[in-house]
Structures are given as C-alpha cells and as structure tokens.
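Student: Can you walk me through this one? I'd like the overall build, then some details.

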Amino acid sequence: MKFESTRTARPARFDHRAAFYHDPADLLATAVPIAGAALSDDIPVALLTSPATEAGIRAELGDSPGLIPMPPTAAELRMSGQATVTRWARQLRELTEWAGPLIVLTEHHPDRTGLSASAWTEADAAMNVALSALPITMTCLFPRQLARASTEAVTWNHSRLLDDAGTVWDNPDVRSPADVLASHPVAAPPRLGRPDRELTFTPWQLIDLRSTVAAATAEVGMDVDRADDFVLAVNEVAGNAVEHGSGVARLHIWRTPDFLVCEIHDTGRLDEALVGLRTPHPNNPRGRGLWIARQLCDMLHVWSDQGGTHVRMHTAVPGRGAG
C-alpha cells in the first residue's frame, strides 16, 4: 500500500463522529466497514483501540500496513483528558504530515477514569480543539450502556453521528468545547500534600524560578536535555501566570515515585478550559506558551477554582513514569 498526500477526496478539517454498539461483535460490525473503505481508498487507519478490537479488525481485513496501532498506554488511561489528547494530537499530527488524510477509530475504555470520572468527556472536547485543523475523520465507538448524562455528553461532543445502518448524519445537538465543559467542568487533580519546594515570584523573579526548577531536576538525576525542556515548560507557564494574572504567582514542586511535579498558581481567571491545545498559527508570535509547555511535559493539566488558575506539570524521573 502506498500513502499519498495529493488525494483529492480528503477531509478539509477534523470530522468528529460517534457511534454506539451493543457488544464486541456489534463494535466490529461498525468498525470493520469504516476501516475497510479507508484502506480501499489508500487512506491509512489509526487504531486508538484495545488490542482485542485491533485483533478483530485485522482478522476481518488482514494484516494491512495501512492499519496503524496506537493503543492507549496504561499511563494514558490514568491521565486527564487534556493530557491524553496532547499526546495523541502530537502523534496524529506527525502521521498526517507524511500520510496525508487519516481515518481514526477510537474506543471508549470503561476503566479509563483518568483524574476524574468525566475524563473521557474532557478528552472528546479536547479532540475538537487539538485536532481542529487536521485532515482527520475520527469515529469514536461507545457502548450503549452509558448513563444518560454520559450519552448526552457524547452527543454534544460529536458533529456527526452514525446510525445502526452505518449512515452518517449531521448532529444538530453538537456544542462547542466550552459549552460541554461548562456542564462537565475540568476537575482538579488529587492533592499532593505539602510541597517539597515553594516559591512566590513576580515577572522580575523568573530567573529564580528557573534556578529552583533546575535544582529539582538535578536532584532526581535528570539528563541535561530533559531537564532543560522541563525548565522551559515551567518558565512558559510561569510567564503566562504573572503576565495575565495579578503579577504575583506561586510555584510548588513535589517529587513522587514516578514524576517530578511542578504546579503554578495565580489568581487570574481562566477563559478557556483547554488552553494550549490548539496548534498556534506560524504567523502568530503570541499564544504559544501553554502549547509549548504541553509539548515538553509528560502531562500538563489546567483547571480553575475560586482561588484562580492552576497548571500542574509532570515529567518522569529517570527510569520511571512515562510508559
């Protein structure tokens, strides 16, 4: 199979679809025709599914090189929706750069709790932001046994729906990510207890912040390149905090068994729950800080509460964490 980037029948932008299934056999009855039609048109298919579903699709369609496995890792199943989508968006963006238009099949994981029970709802909303400019048609497969509120969230997050006959319909009930997350707010991650290091800083003390984070990376034995990336990520977030907040912010640092964790707190209000997920336009020099930070961390989670805006960043300590 050859992949060409000059096909004319390509989606101009992200096409987000949802389909419901009764059981594993019904899931395959929906997924296999979608994958088969794409392969017939020389369009690769990324499988963000369980190994069992991938095996079922390959049993029907053969071991085609156009079927690209991207099963969620154990670490991704524990992440917040926005952190998971940051990873997937990076991989899918790279795929479209060399393969052109892409079909993606995803599968709801009932054990995917992430940082809250609504993490997968957050992930679907995040997809609509992070993948909005990519030539991707994504079909998300959900069990019909979802609770009513969850089914409602599925409907709000997907611009098109597949019926039992496989017909695709425009969805009149689709909502913007902001509206979805107003009803399913981005949850705060679990508390980590008293931080190992703390620093209050202003715009004139960012050099002290960078030195503090660099010292923490050295203590865990992080290599120079990885440490530099994490220091840059924290600095980008910190710069945003003091520029758009009150001018004074706080840094907290923890060492966990698997990660070095930095958290920035400021009193500013967050207007966009999924800030930093949309790829910045190359001609726009501003608005890149949170996007850059997301690319440089293993996980980054943003949330707001009555105290202001909070950004928690993780980087794996050597030999642990990012599997």
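Tutor: We'll go from the whole fold to salt bridges, then to a helix. Keep in mind that this is a predicted model.

Student: Okay. How many helices and strands does the protein have?

Tutor: There are nine helices and twelve strands.

Student: And what share of the residues is buried?

Tutor: Of 323 residues, 53% are buried. The accessible surface is about 15000 Å², and carbon and sulfur atoms account for 53% of that area.

Student: Switching to charges. How many salt bridges are in the whole structure?

Tutor: A search finds eleven. Let's look at R58, which pairs with E54. Their closest N and O atoms are 2.8 Å apart.

Student: Why can those two reach each other?

Tutor: Both sit in helix α2, residues 51–61, four residues apart, so about one helical turn separates them. As a rule, residues three or four places apart in an α-helix point the same way, because there are 3.6 residues a turn.

Student: Is that pair buried or exposed?

Tutor: R58 and E54 are both buried.

Student: Which other salt bridge does R58 form?

Tutor: One with D63, where the closest N and O atoms are 2.6 Å apart. R58 has a relative accessible area of 17%, so R58 falls under the 20% cut-off for buried. D63 is at 66% and counts as exposed.

Student: What sits around that helix?

Tutor: V32 is one place to look. V32 lies in helix α1, residues 24–40, and is buried at 13% relative accessibility. Beyond its sequence neighbours, V32 touches I57, E60 and L61.

Student: How exposed are R160 and D170?

Tutor: R160 is partly exposed, at 25% relative accessible area. D170 is exposed, at 62%.

Student: Which residues are linked with them in a network?

Tutor: D15 and R17 join R160 and D170 in a network of salt bridges.

Student: New topic: α7. What span should that helix have?

Tutor: Helix α7 runs over residues 206–219, which is 14 residues. At 1.5 Å a residue, α7 should span 20 Å, and its end C-alpha atoms are 20 Å apart, so the two values agree.

Student: Which residues of α7 are buried?

Tutor: L206, L209, T212, V213, A216 and T217. They cover an arc of only 135° around the axis, so they lie on the same side of α7.

Student: What covers that buried side, and what is on the face turned away?

Tutor: The cover includes β8 (197–201), α8 (224–244), β9 (249–255) and β10 (259–266). The face turned away carries the exposed residues I207, A218 and E219.

Student: What happens just after α7?

Tutor: G221 comes there, with a positive phi of about 80°.

Terms used
Residues are numbered from 1 along each chain as its sequence is written. This is a predicted model: local features need pLDDT of at least 70, side-chain atom pairs count only at pLDDT 80 or more; totals for chains, interfaces and linings use all residues. Side-chain values use heavy atoms; hydrogens and water are left out. A salt bridge is a side-chain nitrogen of Lys or Arg within 4 Å of a carboxyl oxygen of Asp or Glu. Helices (H or I, at least four residues) and strands (E, at least two) are DSSP runs, numbered from the N terminus. Buried means under 20% relative accessible area, exposed over 50%, partly exposed in between (1.4 Å probe, protein chains only). The expected span of a helix is 1.5 Å times one less than its number of residues. The arc is that of the directions from the helix axis to the C-beta atoms. Contact means heavy atoms within 4.5 Å. Accessible areas come from the Shrake-Rupley method with a 1.4 Å probe; for residues, only the protein chains shown count as cover.
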